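I open this notebook to record what I looked up in one structure. The entries go from the whole chain to single residues.

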Amino acid sequence: METYAKVLTIAIPFFIGLIIIEALVSYFRNVKVNTPMDMISSLSSGMTFILKQLLGLSVVIISYKWMYGYLAIFEIRSTVLVYVLAFIGLDFAGYWQHRFNHTFNILWNRHIIHHSSEEFNLSCALRQNISIVFQIYFFLYIPMAIIGIPTEVIAVVAPIQFFAQFWYHTKLIDKLGFLEYVIVTPSHHRVHHAINDVYIDKNFSEIFIVWDKLFGTFQKELKSVPAVYGIKKQANTWNPAIINFQHLWQLAKDAWRTKSFWDKIRIWFMPTGWRPSDVSQKYPISIVTPENQVKYQTHSSPMFLSWIVFQFVLAFFMMYLMMMNISQFDPLIFACGSLFIFISIFSYTSLMDGSSLSLIT
């Protein structure tokens, strides 16, 4: 994790710099892309994700290193071609992982946080999950293991492929000519984040848009259909921890409430949004459409907002200092510091909601 932390200490200032540039450009072009509360929620979500990654709070069922050791048919040297193959292989796996997350009820909980913002900007790209405990997509990496792409190559390419998905979360870049046929662009990804019927569950690709065109999930952005962002069951909170587990909690409640034993089992594996008929009738959920969406907002006077920003900055710099000096920390001390930051984030984002949970934490 020390190497990962060092990479993040370089990547984070770069991301923040781009977010600031986006904000400045939007100001001078008079195009609204950010709201203070939404941005703080997004950045705070990114912080919780980083802490979770650095703490290693996930279970790897079968590691790539194990698959490579037992499945590799060829032995490939670490040439430029191998890195290119690894990048393509990871992107192919990313497409299917992304698509599966949108397809099944239980898997949607792994991804819902990323779609929860009702804005579309660079900061919302940092809304990443903390709800994933089991790494279940190992089977998508089997082809790379079989052809013998070394573990150390995957370790180098994976974060590059992940970070390369940041830049296209913006409304400020229009269509990019011939690049629209090759890579994922802001136009493509605006479609993916939209809740308009024509855009739902489209454009799952992460870097190369060819996967969507190959597997029938491509949709171009239409001038006649402005994208409306968010999720159909609004989160209605700024607290990233709550957003991460809202859908899972809803599934658990529905499974408990339904009288059908079969529905108690299959609800987890049904298409995203499916609910047992007896539960959906007795406990209806309000579904948002582009026509009736009212964006979530809470009170924020200048003084209140200043206090929230102060709390966020304090938590951020504490996290960043811990990352810079991670090798000097005892694991238990680092875990305690991470827990303190997480509680701080939970507290001030609950305060942003006007929730009494902020008093408890």
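**Entry 1: basis.** I note that this is a predicted model, in which local features need pLDDT of at least 70 and side-chain atom pairs count only at pLDDT 80 or more, while totals for chains, interfaces and linings use all residues. Residues are numbered from 1 along each chain as its sequence is written, and side-chain values use heavy atoms, with hydrogens and water left out.

**Entry 2: the whole chain.** I looked up the secondary structure and found 16 helices and two strands; helices (H or I, at least four residues) and strands (E, at least two) are DSSP runs, numbered from the N terminus. I then checked the radius of gyration, taken over C-alpha atoms, against the globule rule of 2.2 Å times the number of residues to the power 0.38. The chain has 21 Å, which agrees with the value near 21 Å for a compact globule because the chain has 361 residues. Along the principal axes, the C-alpha atoms fill a box of roughly 60 × 50 × 50 Å.

I recorded that 46% of the 361 residues count as buried, where buried means under 20% relative accessible area, exposed over 50%, and partly exposed in between (1.4 Å probe, protein chains only). For contacts I used heavy atoms within 4.5 Å. Among contacts between residues at least 6 apart in sequence, 76% join residues at least 24 apart.

**Entry 3: the cores.** Nonpolar side chains tend to be buried together in soluble globular proteins. I therefore looked for nonpolar cores, meaning sets of buried Ala, Val, Leu, Ile, Met, Phe, Trp, Tyr and Cys residues joined through side-chain atoms within 4.5 Å. The largest has 37 residues, of which Ile12, Met47, Met319, Ile341 and Tyr348 touch the most other members. Two or more residues come from each of α1 (2-29), α2 (36-55), α14 (302-324) and α15 (331-353). The most come from α14, which gives ten.

**Entry 4: His98.** Which residues does His98 contact, leaving aside neighbours within four places in sequence? I found His111, His115, His192, Phe204 and Glu206. His98 itself is in helix α4 (residues 80-103), and His98 counts as buried because its relative accessibility is 8%.

**Entry 5: two asparagines.** I looked up Asn203 and found a positive phi of about 55°, although Asn203 is not a glycine. Asn203 is in the loop between α9 (186-193) and α10 (210-215), and with 2% relative accessibility Asn203 counts as buried. Asn236 also has a positive phi, near 55°, in a residue other than glycine. Asn236 lies in the loop between α10 and α11 (240-257), and at 43% relative accessibility Asn236 counts as partly exposed.

**Entry 6: Pro271.** I placed Pro271 in the loop between α12 (261-266) and α13 (277-282). Pro271 is partly exposed, at 46% relative accessibility. Thr103 is 168 residues away along the chain, yet the C-alpha atoms of Pro271 and Thr103 are separated by 5.4 Å. Not counting residues up to four places away in sequence, Pro271 touches Thr103 and Asn105.
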